[in-house]
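Take a first look at the model below.

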Amino acid sequence: SAAMIDAASGMVDTWVHEAKEYARTGKCATYIPALAEANPFHLGICIVGEHGEKQMAGEWNVPFTMQSISKTISFVAACMSRGIDDVMQRVDLEPTGDAFNSIMRLESHKPGKPFNPMINAGAITTTSLLPGSGADEKLAGILDVLEEILDKRLVINEDVFLSEWRTASLNRALAYYLEEKGFLSSSVKETLEAYCRQCSIEVTSEDLAIIGLVLAHDGFHPFKNRQVFPRDICKITKALMLTCGMYNTSGKFAAFIGVPAKSGVSGGIMACVPSRGKQTPFLGSGSYGIGIYGPSIDEYGNSVAGVHLLKRLASEYDFTVF
Ligand code: GLN
């Protein structure tokens, strides 16, 4: 009912307010200098339901760059063009327990083969598998999927792109090693340019919520009333998000929040809440997508206030898939 929604909306405002305090325990990413300029106390959330229900609170309308959240879409696009078996020749589907940009076990595992598409080594490989030769064509493969979902044109934040491009030595090192071992299908330069551009795609919490909703719905777009990408690829993507999407805190995230989610170092989190058998206040029983923006991140690269807020929502509304 309307009264219930108003009450729930008041609660979300309160939880955002409470969660903001936790921003103090983290800080904005600085290794990409442009990200350091964000306001660490911004915290926004948008929740979108399959029937068009929408709730937002805080700085939900502040644009930010997708960063690692784009890895979910580049994976979807690569699987759509090559098929999952072909993609798995080059990228495994195993969690690492290491940092997102770790180089350490690239040599010791199956030499060169990245553990999964949600860490940098795997995502750089996935991007190289996208159709087309140049960076623009590869980027177009990702933008096409996103623009199809969101029904609007997206822009690249050039400041963030250049800032990362100029400082991406570690990602270059990963890419050269991958190239040496034969895992890339395009040059290091093209691959990294496409990768840094995809990380710089600008979105809002609302955009992430809609993408999350389509994923929650196994690739079916409830507002367009049609399948925008295949169900099987969507299931695999969500499994990857659950096991690897929050990097080396994915286990605890699965334990205490329990839904597929993907974070980025800009402070974004995209989460997919599948439909639950039971009715819960406001959220009802349908599926939901959630987008969060809170740029103060922890040592793992996840939004501190954002994770706190999701934990709160997950316990109030019993999100877990388990
Ligand atoms: N662009 C960032 C990088 O490659 C993305 C990492 C992230 O969001 N965790 O380092």
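## Around the ligand

Which residues are around the ligand? They are Q67, S68, F100, N101, N120, E164, N171, C199, G264, V265 and G301. A residue is near a molecule if its C-beta atom, placed from the backbone, lies within 6 Å of it. The shell divides into three nonpolar, seven polar and one charged residue. Here Ala, Val, Leu, Ile, Met, Phe, Trp, Tyr, Cys and Pro count as nonpolar, Asp, Glu, Lys and Arg as charged, and the others, Gly among them, as polar.

Why does the ligand lie between domain 1 and domain 2? Domain 1 (2-64 + 204-317) and domain 2 (67-199) both give residues to the shell, so the ligand lies between them. The domain bounds come from an automatic or database domain assignment.

## How to read the model

Residues are numbered from 1 along each chain as its sequence is written. The model is predicted: local features need pLDDT of at least 70, side-chain atom pairs count only at pLDDT 80 or more, and totals for chains, interfaces and linings use all residues.

## Annotated positions

The unreviewed UniProt entry annotates S68, N120, E164, N171, Y195, Y247 and V265 as "binding site". UniProt positions are given in the numbering used here, feature names are shortened, and annotations may be inferred rather than shown by experiment.

Y247 sits in the loop between α10 (231-244) and α11 (250-256). Helices (H or I, at least four residues) and strands (E, at least two) are DSSP runs, numbered from the N terminus. Y247 counts as buried because it has 23 C-beta neighbours inside 10 Å. The cut-off for buried is 20 or more other C-beta atoms within 10 Å of a residue's own, with C-beta atoms placed from the backbone. Phi of Y247 is positive, near 55°, in a residue other than glycine. Beyond four places in sequence, Y247 touches A99, F100, Y300 and G301. Contact requires C-beta atoms, placed from the backbone, within 7 Å.

## Two loop residues of the shell

V265 belongs to the loop between β7 (261-263) and β8 (268-273). It is buried, because 25 C-beta neighbours lie inside 10 Å. Leaving aside neighbours within four places in sequence, V265 contacts A29, L35, Q67, S68, I297 and G301.

Q67 is found in the loop between β3 (64-65) and α2. Q67 is buried, with 25 other C-beta atoms within 10 Å. Its phi is positive, about 50°, although Q67 is not a glycine.

Helix α5 (residues 135-150) has 16 residues. From first C-alpha to last it reaches 22 Å, close to the 22 Å expected at 1.5 Å a residue. The expected span is 1.5 Å times one less than the number of residues. Buried residues of α5 include L139, I142, L143 and L146. The buried residues pack against α2 (70-82), α4 (120-128), α8 (188-199), α9 (205-216) and β5 (220-221). D151 follows α5, with a positive phi near 55°.

Helix α10 has 14 residues and reaches 20 Å, close to the 20 Å expected. Among its buried residues are I233, T237, L240 and M241. The cover over the buried residues of α10 includes α2, α3 (84-90), α9, α11, β7 and β8.

## A buried strand residue

I292 lies in strand β9 (residues 288-293). It counts as buried because it has 31 C-beta neighbours inside 10 Å. Apart from neighbours within four places in sequence, its contacts include I45, S205, I269 and L309. The C-alpha atoms of I292 and A305 are separated by 9.4 Å, and these residues are 13 apart along the chain.

Note on methods
Buried ≥ 20, exposed ≤ 12 C-beta atoms within 10 Å, placed from the backbone. Contact = placed C-beta atoms within 7 Å.
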